[in-house]
Amino acid sequence: MINRKFPITGNESKLIGRSNILNEIFTAITKPVPDHIQVVGPRYSGKTVVLEKLKEIVISEGGTEYSCVLLWDLGHSTPKNDSEFLSQFASNLSEAIKDKFPDYSEHLKSSKDTFQQDIAEVLEVLNDETKILVIFDGFDKALSSDKLTRNLWDQLRELAQNKSLTLITASRKSLRELIRNPDAQTSDFWNIFLSTPIRIDCFDENEIADILTNYCQVGFEKGALTELYNATNGTPVVLLEVLNYLLYGHDGNNITNALVQEAVSCSFESNQNFIDDLWHDCLPATQDTIRLLVEGSEIHGVSQTDKISIEEKGFARVSGNKLTKPSRLLQIFLGGLANEKGAIDRLFQNEDVFAQNFNNVISKRLAHIPNIDTDLMRYLQTNLEHLPNHPSICLEGMRGLINKCFDIIWNAEFGGKTVPDGHFDIWRYHRESERLQDFKTSFPQGGKRLFLLKVLTTPECSNPLAKVVSQSTYVAINALYPFGDFGQHQEGEKMNLHMVYSSMLLAIELVASLENDLAKSKDGV
(Lines give C-alpha, C1' and ligand atoms only; values in the text may rest on other atoms or scores of the structure.)
Protein backbone atom coordinates (compact mmCIF):
# COMPACT_ATOMS: atom_id res chain seq x y z
CA MET A 1 0.00 0.00 0.00
CA ILE A 2 1.51 3.35 -1.02
CA ASN A 3 1.02 6.74 0.60
CA ARG A 4 -0.78 8.79 -2.02
CA LYS A 5 0.12 12.41 -2.48
CA PHE A 6 -3.09 12.87 -4.46
CA PRO A 7 -6.19 11.20 -2.94
CA ILE A 8 -8.31 10.35 -5.95
CA THR A 9 -11.53 9.08 -4.45
CA GLY A 10 -13.72 10.08 -1.52
CA ASN A 11 -14.02 13.39 0.26
CA GLU A 12 -10.26 13.93 0.51
CA SER A 13 -9.82 14.65 -3.21
CA LYS A 14 -8.30 18.07 -3.82
CA LEU A 15 -8.38 20.26 -6.88
CA ILE A 16 -5.29 20.04 -9.07
CA GLY A 17 -4.93 22.73 -11.73
CA ARG A 18 -8.14 23.72 -13.55
CA SER A 19 -7.60 27.45 -12.98
CA ASN A 20 -8.71 28.20 -16.54
CA ILE A 21 -12.00 26.34 -16.04
CA LEU A 22 -12.62 28.00 -12.68
CA ASN A 23 -11.97 31.40 -14.21
CA GLU A 24 -14.38 30.68 -17.06
CA ILE A 25 -17.14 29.63 -14.66
CA PHE A 26 -16.44 32.49 -12.25
CA THR A 27 -16.54 35.05 -15.08
CA ALA A 28 -19.87 33.69 -16.33
CA ILE A 29 -21.62 33.84 -12.96
CA THR A 30 -20.25 37.23 -11.86
CA LYS A 31 -21.23 39.23 -14.96
CA PRO A 32 -23.71 42.10 -14.37
CA VAL A 33 -26.32 39.72 -15.75
CA PRO A 34 -24.98 36.26 -14.76
CA ASP A 35 -25.23 33.30 -17.10
CA HIS A 36 -26.87 30.03 -16.15
CA ILE A 37 -24.32 27.44 -17.25
CA GLN A 38 -23.91 23.71 -17.69
CA VAL A 39 -20.66 21.98 -16.72
CA VAL A 40 -20.02 18.74 -18.59
CA GLY A 41 -17.37 16.09 -18.14
CA PRO A 42 -17.03 12.30 -18.07
CA ARG A 43 -16.85 10.15 -14.97
CA TYR A 44 -13.72 10.83 -12.88
CA SER A 45 -13.02 14.13 -14.64
CA GLY A 46 -13.26 16.02 -11.34
CA LYS A 47 -16.50 17.95 -11.83
CA THR A 48 -17.46 17.76 -8.17
CA VAL A 49 -13.99 18.81 -6.99
CA VAL A 50 -14.07 21.82 -9.34
CA LEU A 51 -17.53 22.83 -8.10
CA GLU A 52 -16.56 22.45 -4.46
CA LYS A 53 -13.60 24.74 -5.10
CA LEU A 54 -15.91 27.18 -6.90
CA LYS A 55 -18.20 27.20 -3.87
CA GLU A 56 -15.23 27.92 -1.61
CA ILE A 57 -14.04 30.79 -3.84
CA VAL A 58 -17.49 32.37 -4.19
CA ILE A 59 -18.10 32.31 -0.45
CA SER A 60 -14.65 33.62 0.44
CA GLU A 61 -14.57 36.33 -2.26
CA GLY A 62 -15.90 39.48 -0.63
CA GLY A 63 -16.34 41.20 -3.98
CA THR A 64 -19.07 38.93 -5.32
CA GLU A 65 -22.77 39.55 -4.88
CA TYR A 66 -23.35 35.95 -3.78
CA SER A 67 -24.03 35.47 -0.10
CA CYS A 68 -25.00 31.78 -0.28
CA VAL A 69 -24.07 28.74 -2.37
CA LEU A 70 -26.06 25.52 -2.52
CA LEU A 71 -24.12 22.55 -3.91
CA TRP A 72 -26.77 19.84 -4.22
CA ASP A 73 -25.62 16.30 -5.10
CA LEU A 74 -28.53 14.80 -7.03
CA GLY A 75 -26.65 11.53 -7.41
CA HIS A 76 -27.67 10.57 -3.88
CA SER A 77 -31.30 10.34 -2.73
CA THR A 78 -32.29 11.29 -6.27
CA PRO A 79 -35.81 12.77 -6.44
CA LYS A 80 -38.29 10.33 -7.97
CA ASN A 81 -40.97 12.84 -9.00
CA ASP A 82 -41.70 16.56 -9.29
CA SER A 83 -42.96 16.99 -5.72
CA GLU A 84 -39.97 15.20 -4.25
CA PHE A 85 -37.58 17.35 -6.30
CA LEU A 86 -39.15 20.59 -5.08
CA SER A 87 -39.35 19.30 -1.50
CA GLN A 88 -35.64 18.48 -1.47
CA PHE A 89 -34.84 21.77 -3.21
CA ALA A 90 -36.68 23.73 -0.50
CA SER A 91 -34.99 21.75 2.29
CA ASN A 92 -31.47 22.10 0.83
CA LEU A 93 -31.96 25.78 0.07
CA SER A 94 -33.18 26.33 3.64
CA GLU A 95 -29.96 24.79 4.94
CA ALA A 96 -27.79 26.85 2.57
CA ILE A 97 -29.23 30.22 3.63
CA LYS A 98 -29.83 29.60 7.33
CA ASP A 99 -26.77 31.53 8.55
CA LYS A 100 -27.42 34.67 6.46
CA PHE A 101 -31.21 34.59 6.31
CA PRO A 102 -32.53 32.54 9.26
CA ASP A 103 -36.14 33.76 8.89
CA TYR A 104 -36.35 32.83 5.24
CA SER A 105 -34.62 29.55 6.01
CA GLU A 106 -37.26 28.72 8.60
CA HIS A 107 -40.01 29.62 6.12
CA LEU A 108 -38.62 27.08 3.62
CA LYS A 109 -38.02 24.50 6.32
CA SER A 110 -41.67 24.62 7.38
CA SER A 111 -42.91 24.29 3.80
CA LYS A 112 -45.26 21.35 3.28
CA ASP A 113 -47.17 21.24 -0.01
CA THR A 114 -46.32 24.62 -1.54
CA PHE A 115 -42.58 24.14 -2.11
CA GLN A 116 -42.32 25.97 -5.43
CA GLN A 117 -44.42 28.88 -4.18
CA ASP A 118 -42.38 29.21 -0.97
CA ILE A 119 -39.06 29.10 -2.86
CA ALA A 120 -40.39 31.74 -5.27
CA GLU A 121 -41.41 33.99 -2.37
CA VAL A 122 -37.96 33.82 -0.80
CA LEU A 123 -36.14 34.45 -4.07
CA GLU A 124 -38.40 37.39 -4.88
CA VAL A 125 -37.71 39.01 -1.52
CA LEU A 126 -33.97 38.51 -2.04
CA ASN A 127 -33.94 40.02 -5.56
CA ASP A 128 -32.78 43.42 -4.35
CA GLU A 129 -30.57 42.12 -1.53
CA THR A 130 -28.28 39.40 -2.76
CA LYS A 131 -27.65 36.50 -5.14
CA ILE A 132 -27.74 32.77 -4.44
CA LEU A 133 -25.77 30.28 -6.51
CA VAL A 134 -27.42 26.87 -6.84
CA ILE A 135 -25.33 24.03 -8.29
CA PHE A 136 -27.12 20.85 -9.34
CA ASP A 137 -24.32 18.27 -9.26
CA GLY A 138 -25.06 14.84 -10.73
CA PHE A 139 -27.89 16.36 -12.77
CA ASP A 140 -27.78 13.44 -15.20
CA LYS A 141 -28.99 11.13 -12.44
CA ALA A 142 -32.14 13.21 -12.03
CA LEU A 143 -32.70 13.20 -15.79
CA SER A 144 -32.16 9.44 -16.16
CA SER A 145 -35.83 8.92 -15.31
CA ASP A 146 -38.76 10.30 -17.25
CA LYS A 147 -40.72 10.77 -14.01
CA LEU A 148 -39.70 14.44 -13.78
CA THR A 149 -42.11 16.29 -16.04
CA ARG A 150 -42.20 19.43 -18.12
CA ASN A 151 -44.21 21.06 -15.35
CA LEU A 152 -41.22 20.85 -12.99
CA TRP A 153 -38.82 22.32 -15.55
CA ASP A 154 -41.26 25.13 -16.31
CA GLN A 155 -41.46 25.86 -12.58
CA LEU A 156 -37.66 25.94 -12.31
CA ARG A 157 -37.54 28.33 -15.26
CA GLU A 158 -39.91 30.66 -13.43
CA LEU A 159 -37.67 30.53 -10.35
CA ALA A 160 -34.62 31.28 -12.50
CA GLN A 161 -36.22 34.53 -13.70
CA ASN A 162 -35.39 35.97 -10.29
CA LYS A 163 -32.24 38.11 -10.22
CA SER A 164 -31.33 36.44 -6.94
CA LEU A 165 -30.87 32.97 -8.47
CA THR A 166 -28.07 31.68 -10.68
CA LEU A 167 -28.01 28.02 -11.73
CA ILE A 168 -25.21 25.63 -12.65
CA THR A 169 -25.82 22.04 -13.71
CA ALA A 170 -23.09 19.39 -13.73
CA SER A 171 -23.49 16.19 -15.71
CA ARG A 172 -21.65 13.70 -17.91
CA LYS A 173 -23.51 14.81 -21.03
CA SER A 174 -25.08 18.05 -22.17
CA LEU A 175 -28.64 18.74 -21.05
CA ARG A 176 -30.09 18.26 -24.53
CA GLU A 177 -28.51 14.81 -24.72
CA LEU A 178 -29.90 13.82 -21.35
CA ILE A 179 -33.58 14.75 -21.59
CA ARG A 180 -35.58 11.52 -21.83
CA ASN A 181 -39.15 12.72 -21.68
CA PRO A 182 -40.15 14.23 -25.06
CA ASP A 183 -42.65 16.51 -23.31
CA ALA A 184 -39.89 17.82 -21.05
CA GLN A 185 -37.80 18.67 -24.11
CA THR A 186 -40.32 21.33 -25.07
CA SER A 187 -39.85 23.25 -21.81
CA ASP A 188 -38.13 26.63 -22.12
CA PHE A 189 -36.08 25.78 -19.02
CA TRP A 190 -33.29 24.33 -21.15
CA ASN A 191 -33.02 27.56 -23.13
CA ILE A 192 -31.91 29.61 -20.13
CA PHE A 193 -28.51 27.90 -20.11
CA LEU A 194 -25.62 28.84 -22.36
CA SER A 195 -25.88 26.44 -25.28
CA THR A 196 -22.14 25.68 -25.19
CA PRO A 197 -21.27 23.75 -22.03
CA ILE A 198 -18.11 24.39 -20.06
CA ARG A 199 -16.25 21.10 -20.47
CA ILE A 200 -13.96 19.50 -17.93
CA ASP A 201 -11.73 17.33 -20.08
CA CYS A 202 -8.27 15.84 -19.78
CA PHE A 203 -5.10 17.70 -18.85
CA ASP A 204 -2.94 18.68 -21.81
CA GLU A 205 0.85 18.41 -21.88
CA ASN A 206 1.40 21.95 -20.57
CA GLU A 207 -0.96 21.35 -17.65
CA ILE A 208 0.84 18.10 -16.81
CA ALA A 209 4.16 20.01 -16.80
CA ASP A 210 2.60 22.56 -14.42
CA ILE A 211 1.37 19.77 -12.12
CA LEU A 212 4.86 18.22 -11.99
CA THR A 213 6.47 21.57 -11.23
CA ASN A 214 4.00 23.32 -8.92
CA TYR A 215 2.10 20.48 -7.25
CA CYS A 216 4.67 17.67 -7.25
CA GLN A 217 7.62 20.08 -6.98
CA VAL A 218 9.91 17.84 -9.00
CA GLY A 219 12.21 18.35 -11.94
CA PHE A 220 11.73 16.19 -15.00
CA GLU A 221 13.32 15.33 -18.29
CA LYS A 222 11.46 16.24 -21.45
CA GLY A 223 11.17 12.60 -22.42
CA ALA A 224 9.53 11.82 -19.08
CA LEU A 225 6.82 14.41 -19.70
CA THR A 226 6.16 12.99 -23.16
CA GLU A 227 6.01 9.47 -21.77
CA LEU A 228 3.58 10.54 -19.02
CA TYR A 229 1.31 12.21 -21.57
CA ASN A 230 1.43 9.29 -24.02
CA ALA A 231 0.66 6.80 -21.25
CA THR A 232 -2.38 8.64 -19.86
CA ASN A 233 -3.45 11.28 -22.40
CA GLY A 234 -4.07 13.41 -19.34
CA THR A 235 -7.08 11.45 -18.02
CA PRO A 236 -7.31 13.09 -14.56
CA VAL A 237 -7.85 10.11 -12.28
CA VAL A 238 -5.44 7.91 -14.25
CA LEU A 239 -2.73 10.58 -14.43
CA LEU A 240 -2.90 11.33 -10.70
CA GLU A 241 -2.66 7.64 -9.81
CA VAL A 242 0.45 7.28 -12.00
CA LEU A 243 1.88 10.33 -10.22
CA ASN A 244 1.12 8.74 -6.84
CA TYR A 245 3.31 5.77 -7.80
CA LEU A 246 5.91 8.02 -9.42
CA LEU A 247 6.31 10.15 -6.29
CA TYR A 248 6.19 7.29 -3.79
CA GLY A 249 9.75 6.95 -2.50
CA HIS A 250 11.02 9.64 -4.88
CA ASP A 251 14.69 10.37 -4.12
CA GLY A 252 14.64 14.03 -5.20
CA ASN A 253 16.35 13.50 -8.55
CA ASN A 254 14.82 14.45 -11.88
CA ILE A 255 11.96 12.29 -13.12
CA THR A 256 13.18 10.19 -16.05
CA ASN A 257 11.48 8.30 -18.84
CA ALA A 258 12.34 5.00 -17.17
CA LEU A 259 10.81 6.08 -13.83
CA VAL A 260 7.58 7.05 -15.58
CA GLN A 261 7.40 3.70 -17.38
CA GLU A 262 7.87 1.89 -14.07
CA ALA A 263 5.13 4.00 -12.39
CA VAL A 264 2.75 3.34 -15.30
CA SER A 265 3.34 -0.40 -14.95
CA CYS A 266 2.96 -0.41 -11.16
CA SER A 267 -0.19 1.72 -11.22
CA PHE A 268 -2.03 -0.35 -13.82
CA GLU A 269 -3.73 -2.67 -11.35
CA SER A 270 -5.39 0.22 -9.49
CA ASN A 271 -5.97 2.24 -12.68
CA GLN A 272 -7.60 -0.73 -14.37
CA ASN A 273 -10.84 -0.21 -12.45
CA PHE A 274 -11.07 3.44 -13.52
CA ILE A 275 -10.36 2.60 -17.15
CA ASP A 276 -12.90 -0.21 -17.03
CA ASP A 277 -15.60 2.18 -15.77
CA LEU A 278 -14.80 4.71 -18.51
CA TRP A 279 -14.74 1.92 -21.10
CA HIS A 280 -18.22 0.76 -20.14
CA ASP A 281 -19.49 4.35 -20.26
CA CYS A 282 -18.89 4.16 -24.03
CA LEU A 283 -21.59 2.86 -26.35
CA PRO A 284 -20.74 -0.49 -27.96
CA ALA A 285 -20.32 1.18 -31.36
CA THR A 286 -17.85 3.64 -29.78
CA GLN A 287 -15.97 0.73 -28.23
CA ASP A 288 -15.64 -0.79 -31.70
CA THR A 289 -14.20 2.50 -32.97
CA ILE A 290 -11.66 2.53 -30.13
CA ARG A 291 -10.59 -1.03 -30.90
CA LEU A 292 -10.06 -0.12 -34.55
CA LEU A 293 -8.03 2.90 -33.45
CA VAL A 294 -5.80 0.80 -31.20
CA GLU A 295 -5.23 -1.67 -34.02
CA GLY A 296 -4.30 1.03 -36.54
CA SER A 297 -2.91 3.86 -34.34
CA GLU A 298 -5.21 6.37 -36.05
CA ILE A 299 -8.65 6.41 -37.63
CA HIS A 300 -10.37 8.90 -39.95
CA GLY A 301 -13.99 9.91 -40.46
CA VAL A 302 -15.16 9.49 -36.88
CA SER A 303 -18.48 11.07 -35.91
CA GLN A 304 -18.41 14.19 -33.77
CA THR A 305 -20.21 12.38 -30.95
CA ASP A 306 -17.61 9.60 -30.90
CA LYS A 307 -14.74 12.07 -31.06
CA ILE A 308 -16.02 13.93 -28.01
CA SER A 309 -16.73 10.73 -26.07
CA ILE A 310 -13.32 9.22 -26.80
CA GLU A 311 -11.22 12.36 -26.35
CA GLU A 312 -12.85 13.51 -23.11
CA LYS A 313 -11.99 10.17 -21.46
CA GLY A 314 -8.37 10.39 -22.62
CA PHE A 315 -8.64 7.25 -24.69
CA ALA A 316 -7.20 9.11 -27.71
CA ARG A 317 -6.48 12.57 -29.06
CA VAL A 318 -8.25 14.43 -31.85
CA SER A 319 -6.31 15.85 -34.75
CA GLY A 320 -8.54 17.47 -37.35
CA ASN A 321 -10.96 14.82 -38.59
CA LYS A 322 -9.09 11.87 -37.14
CA LEU A 323 -8.41 10.17 -33.85
CA THR A 324 -4.82 9.37 -32.99
CA LYS A 325 -2.47 8.36 -30.16
CA PRO A 326 -4.49 5.92 -28.06
CA SER A 327 -3.19 6.04 -24.50
CA ARG A 328 -0.65 3.42 -23.47
CA LEU A 329 -2.68 2.37 -20.44
CA LEU A 330 -5.79 1.93 -22.60
CA GLN A 331 -3.83 -0.36 -24.91
CA ILE A 332 -2.66 -2.44 -21.94
CA PHE A 333 -6.25 -2.60 -20.67
CA LEU A 334 -7.69 -3.72 -24.01
CA GLY A 335 -4.91 -6.27 -24.39
CA GLY A 336 -6.23 -7.98 -21.28
CA LEU A 337 -9.81 -8.20 -22.54
CA ALA A 338 -11.21 -11.02 -24.61
CA ASN A 339 -11.15 -10.16 -28.29
CA GLU A 340 -14.77 -9.30 -29.08
CA LYS A 341 -14.17 -10.17 -32.72
CA GLY A 342 -13.51 -13.77 -31.74
CA ALA A 343 -15.68 -16.85 -31.79
CA ILE A 344 -19.34 -16.77 -30.75
CA ASP A 345 -18.64 -19.52 -28.25
CA ARG A 346 -16.23 -17.28 -26.37
CA LEU A 347 -18.47 -14.21 -26.53
CA PHE A 348 -21.62 -15.95 -25.29
CA GLN A 349 -20.39 -19.07 -23.51
CA ASN A 350 -22.22 -18.27 -20.26
CA GLU A 351 -24.75 -15.79 -18.89
CA ASP A 352 -22.18 -13.41 -17.42
CA VAL A 353 -20.21 -13.13 -20.65
CA PHE A 354 -23.44 -12.88 -22.63
CA ALA A 355 -24.52 -9.92 -20.49
CA GLN A 356 -21.23 -8.10 -21.10
CA ASN A 357 -21.21 -8.62 -24.88
CA PHE A 358 -24.82 -8.51 -26.02
CA ASN A 359 -24.86 -4.71 -26.04
CA ASN A 360 -22.61 -4.95 -29.09
CA VAL A 361 -25.18 -7.10 -30.88
CA ILE A 362 -27.94 -4.59 -30.17
CA SER A 363 -25.75 -1.65 -31.13
CA LYS A 364 -24.85 -3.26 -34.46
CA ARG A 365 -28.51 -3.89 -35.27
CA LEU A 366 -29.36 -0.30 -34.36
CA ALA A 367 -26.67 0.95 -36.75
CA HIS A 368 -28.40 -0.88 -39.64
CA ILE A 369 -31.50 1.32 -39.46
CA PRO A 370 -31.25 4.57 -41.47
CA ASN A 371 -32.92 7.90 -40.66
CA ILE A 372 -34.30 7.06 -37.22
CA ASP A 373 -36.43 9.78 -35.64
CA THR A 374 -34.23 11.79 -33.25
CA ASP A 375 -36.43 11.17 -30.19
CA LEU A 376 -36.72 7.45 -30.89
CA MET A 377 -32.95 7.18 -31.28
CA ARG A 378 -32.45 8.99 -27.98
CA TYR A 379 -34.77 6.56 -26.21
CA LEU A 380 -33.03 3.52 -27.72
CA GLN A 381 -29.52 4.76 -26.95
CA THR A 382 -30.40 5.87 -23.43
CA ASN A 383 -32.09 2.56 -22.64
CA LEU A 384 -29.12 0.64 -24.01
CA GLU A 385 -26.72 2.62 -21.81
CA HIS A 386 -28.48 1.17 -18.75
CA LEU A 387 -27.66 -2.41 -19.79
CA PRO A 388 -26.44 -4.72 -18.40
CA ASN A 389 -26.18 -2.99 -15.01
CA HIS A 390 -29.60 -1.33 -14.64
CA PRO A 391 -32.24 -3.37 -16.51
CA SER A 392 -35.13 -1.95 -14.45
CA ILE A 393 -34.25 1.61 -15.50
CA CYS A 394 -34.02 0.43 -19.10
CA LEU A 395 -37.58 -0.89 -18.85
CA GLU A 396 -38.79 2.42 -17.43
CA GLY A 397 -37.83 4.08 -20.72
CA MET A 398 -39.93 1.72 -22.85
CA ARG A 399 -43.16 3.58 -22.10
CA GLY A 400 -41.73 6.83 -23.47
CA LEU A 401 -40.55 5.11 -26.65
CA ILE A 402 -43.95 3.50 -27.18
CA ASN A 403 -45.75 6.82 -26.65
CA LYS A 404 -43.48 8.48 -29.19
CA CYS A 405 -44.16 5.68 -31.71
CA PHE A 406 -47.90 6.19 -31.28
CA ASP A 407 -47.53 9.95 -31.81
CA ILE A 408 -45.67 9.29 -35.07
CA ILE A 409 -48.30 6.76 -36.15
CA TRP A 410 -51.27 9.05 -35.50
CA ASN A 411 -49.56 11.91 -37.25
CA ALA A 412 -48.83 9.73 -40.28
CA GLU A 413 -52.35 8.28 -40.44
CA PHE A 414 -54.56 11.17 -39.32
CA GLY A 415 -52.35 14.25 -39.11
CA GLY A 416 -53.03 14.31 -35.37
CA LYS A 417 -55.24 12.67 -32.77
CA THR A 418 -58.57 12.75 -34.58
CA VAL A 419 -59.91 9.76 -36.51
CA PRO A 420 -61.56 10.82 -39.82
CA ASP A 421 -65.36 10.47 -39.82
CA GLY A 422 -65.20 8.31 -42.93
CA HIS A 423 -63.38 5.60 -41.02
CA PHE A 424 -66.27 5.25 -38.58
CA ASP A 425 -68.75 4.98 -41.46
CA ILE A 426 -66.76 2.15 -43.05
CA TRP A 427 -66.33 0.30 -39.75
CA ARG A 428 -70.05 0.61 -39.00
CA TYR A 429 -70.97 -0.63 -42.48
CA HIS A 430 -68.73 -3.68 -42.14
CA ARG A 431 -69.84 -4.25 -38.56
CA GLU A 432 -66.47 -3.86 -36.91
CA SER A 433 -66.56 -3.59 -33.11
CA GLU A 434 -69.04 -1.08 -31.71
CA ARG A 435 -66.31 0.05 -29.32
CA LEU A 436 -64.70 1.91 -32.19
CA GLN A 437 -67.55 4.43 -32.23
CA ASP A 438 -66.40 5.65 -28.78
CA PHE A 439 -63.31 7.08 -30.44
CA LYS A 440 -65.45 9.67 -32.22
CA THR A 441 -65.68 11.75 -29.07
CA SER A 442 -62.66 10.53 -27.09
CA PHE A 443 -59.39 9.65 -28.75
CA PRO A 444 -58.02 6.41 -27.22
CA GLN A 445 -55.40 6.49 -24.49
CA GLY A 446 -53.31 3.74 -22.92
CA GLY A 447 -53.96 0.21 -24.11
CA LYS A 448 -57.02 1.28 -26.13
CA ARG A 449 -54.57 2.68 -28.69
CA LEU A 450 -53.58 -0.87 -29.54
CA PHE A 451 -57.17 -1.71 -30.39
CA LEU A 452 -57.47 1.24 -32.77
CA LEU A 453 -54.15 0.38 -34.46
CA LYS A 454 -55.16 -3.25 -34.82
CA VAL A 455 -58.41 -2.32 -36.59
CA LEU A 456 -56.52 0.10 -38.84
CA THR A 457 -53.99 -2.54 -39.90
CA THR A 458 -55.72 -5.88 -39.28
CA PRO A 459 -59.52 -5.49 -39.23
CA GLU A 460 -61.76 -8.51 -38.78
CA CYS A 461 -64.49 -7.66 -41.29
CA SER A 462 -63.28 -4.83 -43.57
CA ASN A 463 -60.17 -3.92 -45.50
CA PRO A 464 -57.30 -2.15 -43.67
CA LEU A 465 -57.66 1.62 -43.67
CA ALA A 466 -54.06 2.35 -42.64
CA LYS A 467 -52.36 4.50 -45.27
CA VAL A 468 -48.86 4.18 -43.85
CA VAL A 469 -48.53 1.81 -40.91
CA SER A 470 -48.15 -1.92 -41.56
CA GLN A 471 -49.44 -4.95 -39.75
CA SER A 472 -45.82 -5.74 -38.77
CA THR A 473 -45.60 -2.46 -36.87
CA TYR A 474 -48.83 -3.25 -35.03
CA VAL A 475 -47.54 -6.73 -34.09
CA ALA A 476 -44.28 -5.23 -32.78
CA ILE A 477 -45.85 -2.47 -30.69
CA ASN A 478 -48.50 -4.87 -29.38
CA ALA A 479 -45.73 -7.22 -28.21
CA LEU A 480 -43.63 -4.43 -26.66
CA TYR A 481 -46.52 -2.74 -24.84
CA PRO A 482 -46.55 -5.11 -21.81
CA PHE A 483 -42.85 -4.38 -21.25
CA GLY A 484 -43.70 -0.68 -21.06
CA ASP A 485 -46.41 -1.42 -18.50
CA PHE A 486 -44.05 -3.56 -16.46
CA GLY A 487 -41.38 -0.85 -16.53
CA GLN A 488 -43.79 1.62 -14.92
CA HIS A 489 -45.19 -0.80 -12.34
CA GLN A 490 -42.36 -3.13 -11.29
CA GLU A 491 -43.38 -3.02 -7.61
CA GLY A 492 -40.14 -4.50 -6.38
CA GLU A 493 -40.03 -7.38 -8.86
CA LYS A 494 -36.91 -7.56 -10.97
CA MET A 495 -37.24 -8.74 -14.54
CA ASN A 496 -34.56 -11.11 -15.83
CA LEU A 497 -31.77 -9.25 -17.67
CA HIS A 498 -32.05 -11.48 -20.71
CA MET A 499 -35.76 -10.76 -20.94
CA VAL A 500 -34.94 -7.05 -20.92
CA TYR A 501 -32.45 -7.64 -23.74
CA SER A 502 -35.28 -9.28 -25.67
CA SER A 503 -37.43 -6.21 -25.11
CA MET A 504 -34.61 -4.00 -26.43
CA LEU A 505 -34.37 -6.07 -29.60
CA LEU A 506 -38.14 -5.89 -29.95
CA ALA A 507 -38.03 -2.10 -29.46
CA ILE A 508 -35.43 -1.76 -32.20
CA GLU A 509 -37.47 -3.91 -34.58
CA LEU A 510 -40.55 -1.82 -33.83
CA VAL A 511 -38.62 1.33 -34.73
CA ALA A 512 -37.19 -0.36 -37.82
CA SER A 513 -40.65 -1.43 -39.00
CA LEU A 514 -42.14 2.02 -38.37
CA GLU A 515 -39.28 3.78 -40.17
CA ASN A 516 -39.69 1.35 -43.09
CA ASP A 517 -43.42 2.17 -43.23
CA LEU A 518 -42.69 5.90 -43.30
CA ALA A 519 -40.01 5.51 -45.96
CA LYS A 520 -42.33 3.49 -48.23
CA SER A 521 -45.08 6.04 -47.81
CA LYS A 522 -42.70 8.86 -48.68
CA ASP A 523 -41.50 7.05 -51.78
CA GLY A 524 -45.08 6.32 -52.83
CA VAL A 525 -44.59 2.56 -52.77
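In this predicted model, strand E6 is joined by three bridges to strand E8 (residues 322–324), and the two run antiparallel. Across this pair, His300 stands opposite Lys322 in E8.

The pair belongs to an open sheet of three strands, ordered E6-E8-E7 and paired antiparallel. Strands E6 (298–300) and E7 (317–319) stand at the edges; each has a single partner strand, so one side of each is left without a neighbour in the sheet. From one strand to the next, the twist averages 25 degrees. Helix H14 (residues 284–296) lies across E6 and E8, and its direction is at about 125 degrees to E6.

A second packing arrangement involves two helices. Two packed helices are described by the angle between their axes and the distance between the axes. For helix H21 (residues 398–414) and helix H24 (residues 471–488), the axes come within 8 Å and cross at roughly 145 degrees. The crossing of H21 past H24 is left-handed. The residues that make the contact are listed by helix below.

| Helix | Contact residues |
|---|---|
| H21 | Met398, Arg399, Leu401, Ile402, Cys405, Phe406, Ile409 |
| H24 | Thr473, Ile477, Leu480, Tyr481, Gly484, Asp485, Gln488 |

By class, the contact of H21 with H24 comprises nine nonpolar, three polar and two charged residues. Among the contributors from H21 are Leu401 and Phe406, while those from H24 include Ile477 and Leu480.

Methods: Residues are numbered from 1 along each chain as its sequence is written. This is a predicted model: local features need pLDDT of at least 70, side-chain atom pairs count only at pLDDT 80 or more; totals for chains, interfaces and linings use all residues. Side-chain values use heavy atoms; hydrogens and water are left out. Two strands pair if DSSP finds at least two bridges between them. Helices (H or I, at least four residues) and strands (E, at least two) are DSSP runs, numbered from the N terminus. Axes are lines fitted to C-alpha atoms, for helices over the stretch in contact, and angles run from 0 to 180 degrees between N-to-C directions. Contact means heavy atoms within 4.5 Å. A crossing is left-handed if the near helix is turned anticlockwise from the far one by less than a right angle, and right-handed if clockwise. Ala, Val, Leu, Ile, Met, Phe, Trp, Tyr, Cys and Pro count as nonpolar, Asp, Glu, Lys and Arg as charged, and the others, Gly among them, as polar.
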